Amino acid sequence: MRPAGERLAEGGLAASALASSLVTVAILLFLLVMGLPLLRGGLILQLLGGGWQPDQGQYGIAPMLAGTLLIAPLGLLIALPLCLGVSALVTVLGQNAVSTFIRGFVRFMTGIPTVVYGFVGVFLLVPLVRELFGHGSGMCVLSAALLLAVLISPTMILFFTEAFAGVPESYRRAVDALGGTRVQALVYVILPQAWRGVLSGTIMGMGRAFGDTMIALMIAGNAARVPDSLLDPARTLTSHIALIKAADYESLEFKSIFACGLVLYLITAVLAVAVRGLARDKGAVR
Amino acid sequence: MSSRLAQRVLMACCWAAALLLIGAVAAVLGFLLLKGAGALTPELIFGEAEPLAALSGRAQVFDGILPAIVGTTALVLLAVGIALPVGIAAGVYFAVYAPAGLRRVLSLLTDVLASIPSIVVGLFGLTLVILMHKHLSARVYPSLLISGVALACLVLPYIIRTTEVAIEGVDQETRLTALALGASRLQNIFKVLLPRSLSGILSGCILAIGRCAEDTAVIMLTGVVASVGLPGSLLGRYEAVPFFIYYTSSQYADQHELMQGYGAAIVLLAICSWLFLLAWIIKGRLAGLAFRRV
């Protein structure tokens, strides 16, 4: 029999673990409770499919869904080749001064506040895009995607380089022994071996891109309609939540942000589970 | 790929990618520092007030970011103060006690929590306010306390993960020695595991501080406002540096206000870089592992 103090402390530890994990469930429940009226009577379909015209009583979030589904994947598409290139460079260079600098710089990037990117974006990138394309205000899908790509890069690069480094040293030595170069080792051995890590990193970056609020809010222009081109302004699900200023908590306008919250929660949760699945499969194979 | 040329082209592309990314970030930072360096004066923080008088509370600051800095500091202390004990306890439980099956379920939930967008966590805080306002007391409004609780939820998974990783980083022999000598599991935790993994846990804590200081999405739904002065109470509204930066970027009326925005952005960047360096010095490798979970 262990002393009572010991058991009490252990109970406290277990309670903390349980409470932390239950926050995840609580957030989902709260979103559901607040969004429940929407789930009844097919209203959810109207919301998900309809346009946003508050003056006509239409509170559909389809334009925001389109904004998110345009900006986040576009940002990822821009970031992916960049991140693969940087990670490949760091891996091929091995441990020298340049690769140490790049690694350090990428780590440092994770510490740069998002709002600082947004602020500089407003006064540097937006005018640049406006002048370059001569269309609209410069606050558009393209500007937001470009900045988003920079924002999500460090997460992806850290994942990629770690996956590359995880390939057993003996594999590289085998390439060396066959007279292969470091670049050949990367392309024929490391990349095929590390695909799981590359996929995890990409999914992780996608999650960040979907979840980002400040870049889209500050840079994308926030027009609540489906953009016709990359140079049109758009509003994402995240910035729609941030922008709502309804005084009436019972109004449909206010309720619509919980539909946005639910969609975002589900997307990012699925991505998180996918990353875990990839990590576990890898464990099973070894 | 066997040809030298193809390899050269590939490497050139990789170099170009690295230069492009580093160049883009350098352009952002350089632009900010060049344009905003002029704004870094005592007036940026204290406005018209005498610095010493403002700090001791004898003079009110009207045209400076002191209230925002104080608000952010209070917010960080509150959120980390809530998240740290709970997060470390949960991390210890995962690493030492949790049975494999339970651990898998609970850590899945923690992973999902880490992935939830911060604006959704903010929405959670707002929902908390609405429900309490309706069912508990009509005097509950968005406030410093609500923001602190919501932010604590946001950084909780980082703290849990760094604690877990740090404890598991202690080698197996060390983990078992005290137990073999007859120490209880709790003694083993407090006398061996926690002291041994302190640097890892500390770096996780510092990263959490940085995350709380820079977050804008959570607080904009849970009580931050553009102008209210120094935070008066836990149940009151407050100002914060990142929100000030966001607000200025869209609402500035003249050059002076714009320069204040630049100044505030440099201040926030400096704080976050400093925290980052601190975490790196304490434990570079673990810091990287923690960031992966962003």
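Me: How many helices and strands does chain A have?

Reply: This is a predicted model, in which local features need pLDDT of at least 70 and side-chain atom pairs count only at pLDDT 80 or more, while totals for chains, interfaces and linings use all residues. Residues are numbered from 1 along each chain as its sequence is written, and chains are lettered from A and ligands numbered from 1 in the order in which they are written. Helices (H or I, at least four residues) and strands (E, at least two) are DSSP runs numbered from the N terminus, and from that end chain A reads α-α-β-β-α-α-α-α-α-α-α-α-α-α. The count for chain A is 12 helices and two strands.

Me: What percentage of the 286 residues of chain A count as buried?

Reply: A residue is buried if 20 or more other C-beta atoms, placed from the backbone, lie within 10 Å of its own, exposed if 12 or fewer do, and partly exposed in between. The C-alpha atoms of chain A fill a box of roughly 75 × 70 × 30 Å along the principal axes. The buried share of the 286 residues is 51%.

Me: On which residue is the kink in helix H5 of chain A centred?

Reply: The bend at a residue is the angle between axes fitted to the seven residues ending there and the seven starting there. In H5(A), residues 114-133, the kink is about 50°. Just after this helix, Gly134(A) takes a positive phi of about 55°. The kink itself is centred on a residue that is among the buried residues of H5(A), namely Gly121(A).

Me: How are H7(A) and H8(A) oriented to each other?

Reply: Axes are lines fitted to C-alpha atoms, for helices over the stretch in contact, and angles run from 0 to 180 degrees between N-to-C directions. The axes of H7(A) (residues 169-177) and H8(A) (residues 182-193) come within 10 Å and cross at roughly 150°. Angles under 35 degrees count as roughly parallel, over 145 as roughly antiparallel, 65 to 115 as roughly perpendicular and the rest as oblique. The two helices are therefore roughly antiparallel.

Me: Is Gln193(A) buried, exposed or partly exposed?

Reply: Gln193(A) lies in helix H8 of chain A. Not counting residues up to four places away in sequence, Gln193(A) touches Val167(A) and Tyr171(A). Because 15 C-beta neighbours lie inside 10 Å, Gln193(A) counts as partly exposed.

Me: Is Asn222(A) buried or exposed?

Reply: Asn222(A) sits in the loop between helix H10 (214-219) and helix H11 (237-243) of chain A. Its phi is near 65°, a positive value in a residue other than glycine. Because 20 C-beta neighbours lie inside 10 Å, Asn222(A) counts as buried.

Me: Is Thr174(B) buried or exposed?

Reply: Thr174(B) is found in helix H8 (residues 172-180) of chain B. Leaving aside neighbours within four places in sequence, Thr174(B) is in contact with Val192(B) and Arg196(B). Because 12 C-beta neighbours lie inside 10 Å, Thr174(B) counts as exposed.

Me: Which helix of chain B gives the most to the side that touches chain A?

Reply: In the interface, 70 residues of chain B are in contact with 71 residues of chain A. The largest contribution on the side of chain B is 16 residues, from residues 4-36, helix H1.

Terms used
Two residues are in contact if their C-beta atoms, placed from the backbone, lie within 7 Å.
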